Amino acid sequence: MALPATDPSHADLRRGADGAEVRHLQDLLNRSGALLLVDGDFGRGTEAAVKEAQELAGLPVTGIVDAATWGWLENQPEPSDEIPTEAVTFLVREEVGSRKFYDRHTAMPHFPGEASGVTIGVGYDLRFQEPDDFEADWGDILTPAQMERLRPHLGKKGSAGAVAAMADLTIPFPAAWSVFVKRALPRGVEQTARCYGDLSGLPPLCRGALVSLVYNRGTRLTGESRREMKAIRDHIAAGRLDQVAGEIESMKRLWPDSAGLRKRRDKEAEMWRRGLAERNLA
């Protein structure tokens, strides 16, 4: 539960602090897209996130979390009504890496490989986007010239050459985060519900694991490559929730040479198991 900003135990925090209150701070910062690992260590990355939050709030940019900074952070809404901030942060980190990595590598159109298309923002794969969604999602964010350069890649497989030709087109992270939270993530939650049924009865972290899976793989349940995706639907419908994590891990067979995707499936399975464990402890 979030600590109230007026709580006298809410100490000022600065670089070098550690412990439970720093973890709480990092979770609050992640509501605005800091993409921090919630490890309780107030290091350079957390300090940079505090300064960014203070700038957004119109507060003195000190990097020190004082009462005014605590108050502003506590009043920020969670990025999703459906899945917890931890799961949102996990999904975005899996798509773009850290904030520093985003700025250096994925702020530009990029090609993740495998069956992907040209990808922008937070894992926004143009190969799998409908033209109307693309216009609604990005029309108020990108310039007309940028939209014109990206439209030809809708519905098409990407390539290194395609993204190299657009290396000068950059999307600042706040814009990418805004499109993800307001447009892409709610659509991803809806797609997950269409695939696996009503999610409301699942523990929050379990919902997050499924949304991450569908955001990455889509909703198709037919074919040998989708064997586990279909089995997950059947397990959930039958109440066999303890069987789902194993199916997520089994998907690693599909990417013998992709360490990133294999690790992502392991992390989603671990998130699912933690979700079940937390429900059982409640």
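Which backbone atom lies 3.0 Å from a polar atom of the side chain of Gln 26? The backbone nitrogen of Gly 40 does. This is a predicted model, in which local features need pLDDT of at least 70, side-chain atom pairs count only at pLDDT 80 or more, and totals for chains, interfaces and linings use all residues. Residues are numbered from 1 along each chain as its sequence is written, and side-chain values use heavy atoms, with hydrogens and water left out.

- Gln 26 lies in helix H1; helices (H or I, at least four residues) and strands (E, at least two) are DSSP runs, numbered from the N terminus.
- With a relative accessible area of 1%, Gln 26 is buried; that word means under 20% relative accessible area, while exposed means over 50% and partly exposed in between (1.4 Å probe, protein chains only).
- Leaving aside neighbours within four places in sequence, Gln 26 is in contact with Leu 36, Leu 37, Val 38, Asp 39, Gly 40, Asp 41 and Thr 46, where contact means heavy atoms within 4.5 Å.

**Leu 35, in a loop**

- Leu 35 sits in the loop between helix H1 (20-30) and H2.
- Its phi is near 60°, a positive value in a residue other than glycine.
- Leu 35 counts as buried, at 2% relative accessibility.

**Aromatic pairs**

- Rings of Phe, Tyr and Trp (its six-membered ring) pair if their centres lie within 6.5 Å; planes under 30 degrees apart count as stacked, over 60 as edge-to-face and the rest as tilted.
- By this rule there are 5 aromatic pairs.
- The rings of Tyr 102 and Phe 173 have centres 5.2 Å apart and planes at 75°, so this pair is edge-to-face.
- Tyr 102 belongs to helix H5 (residues 99-106) and Phe 173 to helix H9 (residues 173-196), so the pair ties together parts that are 71 residues apart in sequence.
- Tyr 102 and Phe 173 are both buried.
- Tyr 124 and Trp 138 are also edge-to-face, because their ring centres are 5.5 Å apart and their planes are at 85°.
- That pair links Tyr 124 in strand E2 (residues 124-125) with Trp 138 in helix H6 (residues 131-138), 14 residues apart.
- Ring pairs join Tyr 102, Phe 173, Trp 177, Phe 180 and Tyr 215 into a cluster.

- On a 1 Å grid over the protein atoms alone, a cavity is a set of points where a 1.4 Å probe fits but cannot get out, and a pocket is an open set with protein on both sides within 12 Å along at least five of seven lines; lining residues have an atom within 4 Å of a point.
- Grid points are joined across faces, edges and corners, and a volume is the space filled by probe spheres set on the points.
- The model has 1 cavity of 30 Å³ or more.
- The largest cavity holds about 60 Å³ of space, and its lining includes Leu 29, Ser 32, Ala 34 and Trp 72.
- H2 gives the largest share of that cavity's lining, 4 residues.
- The second largest pocket holds about 420 Å³ of space.
- Of the 18 residues lining the second largest pocket, Ala 34, Leu 36, Arg 44, Gly 45 and Thr 46 lie nearest its centre.
- H2 also supplies the largest share of the lining of the second largest pocket, 6 residues.

Terms used
A polar contact is a pair of N or O atoms within 3.5 Å; within protein, one must be able to donate a hydrogen and the other to accept it, and residues adjacent in sequence count only if both atoms are side-chain atoms.
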